[in-house]
Amino acid sequence: MGEPPVQVVILAAGEGRRLTPLTNRRPKPMIPVANEPLLEYIVEAVAAAGLEQITLVVGYNQERIRNHFADGDDWGVTITYVEQTTQLGTGHAVLQAESAVDGPFVVLNGDRIVESAIIERVAAAVRDDTHPVVTTTSVETPREYGVITSDGETVTNIEEKPEGPVETNQINAGIYGFSPAFFETIRTTHTNGELTLTAALNEHAREHGGIERLTYTGQWLDVSNLWDLLQVNAGLIETEATAHSADETRRDREAVADDVVLADSVRVGPNVTIGGNTAIGRNVTIEANAVVEDAIIFPDTVIGAGAVIRDAVIASNVRIGPNVTTDGPPDTMVIEETVHQDVELGGVVGDNTTIGPGATLTTGAVVGDDVETDAGVTIDSRIAAGTTVRRG
């Protein structure tokens, strides 16, 4: 008998609190970008890499994931599920898959989009008995991730979100290769609070003089904050991948850019303009003279006549009234005491919310689920779920 095939463990149990209100009803990996859940791109990449056995570590709102992916047959893979009932860190999440893994395996994050080629490379390394393996990539904002210290092809340390000076743009890309023996390393790593993969990897590096490193230069799309969704959406939309196939959309549209993805049953009124880097979900209605650009519109939403929706994420079953505007210049946003400069986010609107006619959402406005607003209001901050916003 040959060696067991390389298996894949995908971590998809987290809640994604920084992405509220979009994660109030769905886990972070199920947020749609370019009209597919984030997690679907990872599953597709695994299948394209020729790996067929996937273990999904699920937890928060897990039924959304289970119902969508079922046994994986639609993607040509076999999916099993293990539950992380309490989110106690990435290391703890990987440990939940121990009973489902019986050979070398690759670990991926369910909210970080990568190309199939790097999955193949990691799988080949662990198949050849090289493990653990850490992948690294370069980013413009390394301080927001796990910054690596390396000695050539060996990683000697990973420091999560360092506060001091950062002398490299090389970070942990979050794609790993392990043997089952690494479960014991995770289990015996002493940490305060969460049991993280980073701590276990650093422990291994100290004991063994480093960890094998694979450098990755391909597409790497990460969603940490709400505005990242717009950047990831733009990165995933290809000019040739448009979906202007519905006859009713073709008849009615006035101007639709090439880099737009339209789902089925989208209704577009006269004189509508849909600009680039935009994804429109199923059963969305865009009424006459509206402008939608650099935006993600979830299914079953209505964009009212004359509305201007730019740099925005609009969730499901939302009613955007006539002449509503979500548009604002780049501005500073503070998330969990971290200051982010030059953020382009015209607004985020949660599920089942109604924005009254003529309202304005300025840069960084985040409106919760089940909110109702009067006509003509201006929203420039975060509005809690279930609120009624009165004018004046």
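Trainee: In this predicted model, what is the volume of the largest cavity?

Mentor: The model is a predicted one. By the rule applied, the count comes to one cavity of 30 Å³ or more. The volume of the largest cavity is about 30 Å³.

Trainee: Which element gives the largest share of the lining of the largest cavity?

Mentor: The lining is formed by I42, L108, N109, R112, V114, A173, G174 and I175. Two or more of these residues come from each of strand 6 (105–109), strand 7 (112–114) and strand 11 (170–178). The largest share, three residues, comes from strand 11.

Trainee: How do the residues of that lining divide by class?

Mentor: The lining of the largest cavity includes I42, R112 and G174. The residues of the lining divide into five nonpolar, two polar and one charged.

Trainee: Are helix 1 and helix 4 parallel or oblique to each other?

Mentor: Helix 1 and helix 4 pack at an angle of about 55 degrees, and their axes are 8 Å apart. Angles under 35 degrees count as roughly parallel, and those from 65 to 115 as roughly perpendicular. The two helices, helix 1 and helix 4, are therefore oblique.

Trainee: Which residues of helix 4 make the contact with helix 1?

Mentor: Helix 1 passes helix 4 in a right-handed crossing. On the side of helix 1, the contact is made by A45, V46 and A48. By class, this contact has four nonpolar, one polar and one charged residues. On the side of helix 4, the residues are S116, I119 and E120.

Trainee: What is the handedness of the crossing of helix 1 and helix 2?

Mentor: Helix 1 (residues 38–48) and helix 2 (residues 62–69) pack at an angle of about 45 degrees, with axes 11 Å apart. That angle makes helix 1 oblique to helix 2. Their crossing is right-handed.

Trainee: Which residues of helix 2 make that contact?

Mentor: Helix 1 contributes L39, E40 and V43 to the contact. The contact of helix 1 with helix 2 has four nonpolar, one polar and one charged residues by class. From helix 2, the residues are I65, H68 and F69.

Trainee: Which element gives the most to the lining of the second largest pocket?

Mentor: The second largest pocket has a volume of about 630 Å³. Of its 26 lining residues, E140, D222, W227, D228 and Q231 are the closest to its centre. Strand 13 (220–222), helix 7 (228–236), strand 20 (291–297) and strand 26 (338–343) each give two or more residues to the lining. The most, six residues, comes from helix 7.

Trainee: How do the residues of the lining of the second largest pocket divide by class?

Mentor: Among the residues closest to the centre of this pocket are E140, W227 and Q231. Glu counts as charged and Trp as nonpolar. The lining divides into ten nonpolar, eight polar and eight charged.

Trainee: Where does P132 lie, given the peptide bond from H131 to P132?

Mentor: Most peptide bonds are trans. The bond from H131 to P132 is cis, with omega near -5 degrees. P132 lies in the loop between helix 4 (116–127) and strand 8 (133–138).

Trainee: What is omega for the cis peptide bond that joins T20 and P21?

Mentor: P21 is located in the loop between strand 1 (7–12) and strand 2 (32–33). The bond joining T20 and P21 is cis, and its omega is about 10 degrees.

Technical notes: Residues are numbered from 1 along each chain as its sequence is written. This is a predicted model: local features need pLDDT of at least 70, side-chain atom pairs count only at pLDDT 80 or more; totals for chains, interfaces and linings use all residues. Side-chain values use heavy atoms; hydrogens and water are left out. Axes are lines fitted to C-alpha atoms, for helices over the stretch in contact, and angles run from 0 to 180 degrees between N-to-C directions. Helices (H or I, at least four residues) and strands (E, at least two) are DSSP runs, numbered from the N terminus. Angles under 35 degrees count as roughly parallel, over 145 as roughly antiparallel, 65 to 115 as roughly perpendicular and the rest as oblique. A crossing is left-handed if the near helix is turned anticlockwise from the far one by less than a right angle, and right-handed if clockwise. Contact means heavy atoms within 4.5 Å. On a 1 Å grid over the protein atoms alone, a cavity is a set of points where a 1.4 Å probe fits but cannot get out, and a pocket is an open set with protein on both sides within 12 Å along at least five of seven lines; lining residues have an atom within 4 Å of a point. Grid points are joined across faces, edges and corners, and a volume is the space filled by probe spheres set on the points.
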